[in-house]
Amino acid sequence: MEGTPPRIDLSLIENRLMELGHVEAVHDLHVWTITSGMDAMSCHLIVSNGAKVDETLKRGHQMMRDEFAITKTTIQIEKPGLHENGVNTETKTMKSGPQPPP
Ligand SMILES: [Zn+2]
């Protein structure tokens, strides 16, 4: 993946995030270098309904800093089925209503 720091193993990060507890899936995982010696990470975590969101976020941030020396971490917590139901982070146009002029 272009821009991923060579010392970062994305599959290892994914595996470690899965071990946070109540994490069912990880996607949109990206790691990149902001500036020399400073890496950033962002990902989406799908958590089960019993998950403690605050605790998962806190431990995720700590894990990135302590285990991977990633100082800028952005984690988005999602519930199962979010993407499947069409509720996406992408901007979607309305299915009903008047069509915009060509
Ligand atoms: Zn997502």
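**View 1. The hairpin of β1 and β2, with glycine 37 at its turn.** Two residues lie between the strands of this hairpin, and glycine 37 takes a positive phi near 85° there. Helices (H or I, at least four residues) and strands (E, at least two) are DSSP runs, numbered from the N terminus. Please keep in mind that this is a predicted model, where local features need pLDDT of at least 70, side-chain atom pairs count only at pLDDT 80 or more, and totals for chains, interfaces and linings use all residues. Residues are numbered from 1 along each chain as its sequence is written. Nine bridges join β1 to β2 (residues 38–47), and the two run antiparallel. Strands count as paired if DSSP finds at least two bridges between them. Along this pairing, valine 31 stands opposite methionine 41 in β2, and tryptophan 32 stands opposite alanine 40 in β2.

**View 2. The open sheet of three strands.** The strand order is β1-β2-β3, with mixed pairing. At the edges are β1 (23–35) and β3 (70–78), each of which pairs on one side only. Neighbouring strands are turned by 15° against each other on average, direction ignored; axes here are lines fitted to C-alpha atoms, for helices over the stretch in contact, and angles run from 0 to 180 degrees between N-to-C directions. Read along the sequence, the chain follows the pattern α-β-β-α-β.

View 3. Contact means that the C-beta atoms of two residues, placed from the backbone, lie within 7 Å. How far apart are the end C-alpha atoms of α2? They are 21 Å apart, which agrees with the 22 Å that its 16 residues should span at 1.5 Å a residue; the expected span is 1.5 Å times one less than the number of residues. Alanine 69 follows α2 and has a positive phi, near 55°.

**View 4. The largest nonpolar core, 10 residues in all.** Its members are Ile13, Leu17, Leu20, Val31, Met41, Cys43, Leu45, Val47, Met64 and Ile70. Such a core is a set of buried Ala, Val, Leu, Ile, Met, Phe, Trp, Tyr and Cys residues joined through C-beta atoms within 7 Å. β2 gives the most to this core, with four residues. Leucine 45 touches Leu17, Val23, Val26, Thr56, Ile75, Ile77 and Glu78, not counting residues up to four places away in sequence.

**View 5. Leucine 12 in helix α1.** Is leucine 12 buried or exposed? Leucine 12 is exposed, because 11 other C-beta atoms lie within 10 Å. A residue is buried if 20 or more other C-beta atoms lie within 10 Å of its own, exposed if 12 or fewer, and partly exposed in between, with C-beta atoms placed from the backbone. Leucine 12 and phenylalanine 68 are 56 residues apart in sequence and 9.9 Å apart in space, C-alpha to C-alpha.

**View 6. Residues 89–94, where the pLDDT is below 50.** The chain averages a pLDDT (the predictor's confidence in each residue, from 0 to 100) of 85, and 79% of the residues score at least 70.
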